[in-house]
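Reader: I would like to learn how to read a structure like this one. Could you take me through a few features, one by one?

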Amino acid sequence: MPTHDTAPYSTCYTCDSGLTSSTIFRKGFMVIDNPQLGSYPKDVQDAAIALSLMSGTSTISASKEPSSPSHKQPPLSDHTHTALNTDALSDIAVDRAEASRISSVPVQDKCSSFPSSHQRGRRRGAKAHKKDSRRDALRQQWKERALKILAQPRTQATSAQTSVMNWVYTELTPYPDDAWASCIAVLIDRRVHDMAVTHSTLLTFGNIHSSVNQVRNWFSNKRQCDARDRMKAGGVGGVPEGLEPISVDGRMVRLWCHAQTKIGSNEQWTDPILLISAPVGLLLRAVVDHLPSLSLPRWLGGDGGLPPVYYNYHRYELQLPQHNADYLPIREMKFIWMANHVRGAGWGNALQELLLNSYLAYRSRRSFVFDNYTWDEFNTPYSLSNGELIPSQIPLSTFIRGPTVGAPFIADPSHPVAIMKKYWDQICPQPKIIHNEDILASLDREATAGLLIDRWVEVLGETEDRCVEVPVDSHAIFDIFIFGDGNRLLDAWPSFSASPIISEFGWSPLIELAFDENRDLFWPSATEPYLSSTPFITNAARYSVVPGLLVLHIRRGDFEEHCVNLALWQSTYTGFNSFPELPDKLERIPPGASNTSTVETYRRHCFPDIGEIVRKVEDVRASDVGQGLQNIFVMTNGASEWIHELKAALESLGGWERISSSKDLVLSKEQKYVSQAVDMLIGQRAQVVIGNGFSSLTGQIIMLRMANGLPPESHYFW
């Protein structure tokens with residue numbers, strides 16, 4: 001398994017012709033040994049990856065890649081595109097010679113050098129006809145979304161919004177029809193919705209929602225201004241030259257003749273391509289053409305560099321032996337795919353569901369189908385979180401190892417191994433659908449995790465179908481109410497904690513490497529071998545206690561508001577923070593208590609101030625389990641200034657050798673976007689943990705520690 005995601009940048013995601021405007025839409029994983037790409041700056045290599053991933057879905061090609069009989073790559077779909085209809089996209093790459101040939105033709109002849117819209121339409125034939133209803137539905141969906149945008153009247157477009165519209169105007173068409181105007185409105189409005197509303201982001205984007213009418217007006221005004229300029233220069237107003245009516249999903253749209261070079265001479269323009277092309281075109285113009293004068297919006301990587309796409313890890317998962325067509329056990333295996341798994345949630349929430357879903361599959365003796373850790377299934381590889389660009393989807397093998405992500409079961413070698421979602425798509429085209437609502441309806445009392453698992457195992461045991469899917473619109477099997485209530489969650493604990501899903505769970509080499517490289521911060525006296533140099537045996541044997549380490553998990557940021565909501569709901573500690581043996585309990589709110597007093601009570605446990613944190617640390621260090629504590633590691637998303645103030649207050653207690661925090665970790669680019677798992681590994685190995693009882697991330701740390709037999713009194717809450 002790889003430990004870094006740097007090697008493939010010099011060998012993938014480009015065309016033999018190099019990086020030009022004609023290679024915007026290179027679809028899928030095209031692995032080509034191209035010496036030219038390695039000579040480009042790192043940002044340009046990142047851009048090439050972004051451009052290819054922003055194109056559509058395709059089969060994965062491993063041309064010019066070495067292969068072995070035991071690790072054949074199956075023809076699977078690109079991992080980054082699941083939300084929009086991109087069926088009309090196909091492999092597209094106009095080479096440099098073709099592009100230069102086209103550019104030498106006069107404007108009137110450029111259009112004629114491509115097949116006419118009639119010819120292109122004939123090529124599509126009956127296949128395109130079958131897609132019309134789906135495309136109409138998609139187009140209607142975007143129009144409805146655009147019409148719901150509440151725009152502020154008499155407001156100007158922000159620089160970011162103008163950049164997108166200008167690119168469409170100059171590179172594609174000055175005459176977007178209603179469908180494209182709706183797409184543009186939603187696209188540029190979405191960038192506002194995704195940004196955290198802070199002073200800095202308002203300076204960049206403004207608090208402006210762009211309606212479809214404002215988009216139409218912008219293009220109309222731009223056309224009028226350009227017509228006046230042409231007339232002043234002695235030319236002719238009206239419709240400019242160089243436009244040709246092109247069929248776009250059954251409609252005629254006037255496009256610039258050179259717009260066809262964006263996708264290739266034999267390909268079709270579609271609505272999904274528009275949604276991809278505007279941000280990609282800006283990115284190409286800024287990064288590949290090296291225009292330092294163009295200031296990129298933050299959502300296009302304007303802070304410098306793009307997040308990694310974890311190509312090595314996707315490839316590793318694809319090359320697992322069970323994804324080989326010659327893997328004999330696959331013929332006898334049964335599968336279950338939980339398409340309703342959580343999306344857009346933090347790693348703690350995702351992990352707790354992932355492990356229980358995997359355990360349910362284990363109990364039913366079916367192969368568990370695993371997917372990427374998914375923040376956003378929108379049709380780009382990147383999303384925004386708190387105003388920062390992040391990967392939309394990350395392969396699970398960057399976070400964890402073990403049976404949940406395809407490793408064989410050590411304790412039960414005959415058990416079906418897990419497969420990835422892309423392989424499921426190939427071997428299970430028509431699965432049997434089972435809704436969790438039907439399982440819930442069959443229970444005669446409130447569902448607990450244990451009851452649900454037993455009932456699912458019973459139903460799956462009676463199902464002969466090899467392929468079973470819990471559809472995406474089905475209620476979550478393990479929902480927030482189960483995870484939030486120890487009485488409903490922990491009845492599954494005895495068997496769950498003893499299963500290979502937990503005992504053979506491990507952190508990925510990437511996470512363990514980050515632990516090894518930073519352990520001097522929190523374990524300066526370490527003499528043990530590095531994790532990355534030792535073989536994996538079991539979770540308990542591998543992740544022994546780091547003596548003298550106190551880990552504090554302190555949530556800031558969005559938890560300030562979240563804690564108020566928890567108080568008003570009078571929530572309990574999460575299920576895995578509710579083991580009866582744990583020393584700290586959440587006090588009951590007396591009847592008739594005011595909201596003000598309730599909020600204050602919850603704040604002390606959920607959002608403690610520095611003075612309260614220091615007092616808790618003093619109390620724990622004075623306890624029996626706190627004897628010998630020497631180093632503190634603070635897991636936090638707090639601001640640097642706040643962390644500095646906290647460190648100073650803790651140092652004033654005296655007696656600490658090292659005090660460090662999440663912000664002190666030195667991480668690679670690949671490790672940065674999975675750093676929650678690095679924190680969790682450090683927390684799992686602490687002598688004592690003080691965490692947030694309302695946090696699922698704290699809960700997963702405590703769950704793993706309790707499964708490994710650590711004393712309950714080594715876990716505290718604020």
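Reader: Which residues of helix 20 are buried?

Author: A word on the ground rules, to begin with. This is a predicted model, where local features need pLDDT of at least 70, side-chain atom pairs count only at pLDDT 80 or more, and totals for chains, interfaces and linings use all residues. Residues are numbered from 1 along each chain as its sequence is written, and side-chain values use heavy atoms, with hydrogens and water left out.

Author: Now the terms: buried means under 20% relative accessible area, exposed means over 50%, and partly exposed lies in between (1.4 Å probe, protein chains only). Helices (H or I, at least four residues) and strands (E, at least two) are DSSP runs, numbered from the N terminus. In helix 20, the buried residues are Pro-509, Leu-510, Ile-511, Glu-512, Leu-513, Ala-514, Phe-515, Asp-516 and Asn-518. Helix 20 covers residues 509-518, and because 9 of its 10 residues are buried, it is largely enclosed by the rest of the structure.

Reader: What do the buried residues of helix 20 pack against?

Author: Here contact means heavy atoms within 4.5 Å. The buried residues of helix 20 pack against helix 11 (311-318), helix 21 (539-542), helix 26 (669-672) and helix 27, as well as strand 9 (400-401) and strand 13 (506-507).

Reader: Where does Ser-508 lie?

Author: Look at the loop between strand 13 and helix 20; Ser-508 lies there. With 0% relative accessibility, Ser-508 counts as buried. If you leave aside neighbours within four places in sequence, Ser-508 is in contact with Ser-397, Thr-398, Phe-399, Ile-400 and Arg-401.

Reader: Is His-562 buried, partly exposed or exposed?

Author: His-562 is found in helix 22 (residues 559-569). Its relative accessible area is 27%, so His-562 is partly exposed.

Reader: How do I read a pair of aromatic rings?

Author: Such a pair is described by the distance of the centres and the angle of the planes. Rings of Phe, Tyr and Trp (its six-membered ring) pair if their centres lie within 6.5 Å; planes under 30 degrees apart count as stacked, over 60 as edge-to-face and the rest as tilted. By this rule the count comes to 21 aromatic pairs. Take Trp-347 and Tyr-373: their ring centres are 5.5 Å apart and their planes stand at 85°, so the pair is edge-to-face. This pair links distant parts of the chain, with Trp-347 in helix 12 (residues 347-363) and Tyr-373 in strand 5 (residues 373-374), 26 residues apart. Trp-347 counts as buried at 2% relative accessibility, and Tyr-373 is buried with a relative accessible area of 10%.

Author: Another pair is Tyr-359 and Phe-496, with centres 5.4 Å apart and planes at 65°, so this one is edge-to-face. Tyr-359 in helix 12 and Phe-496 in helix 18 (residues 493-498) are 137 residues apart.

Reader: Which residues do ring pairs link into a cluster?

Author: The cluster is made up of Tyr-359, Tyr-362, Phe-409, Trp-493, Phe-496, Phe-576 and Phe-579.

Reader: At what angle do the axes of helix 27 and helix 28 cross?

Author: Axes are lines fitted to C-alpha atoms, for helices over the stretch in contact, and angles run from 0 to 180 degrees between N-to-C directions. The axes of helix 27 (residues 675-684) and helix 28 (residues 696-707) cross at roughly 40° and come within 9 Å. Gln-676, Met-680, Gly-683 and Gln-684 in helix 27 meet Leu-697, Gln-700, Ile-701, Leu-704 and Arg-705 in helix 28.
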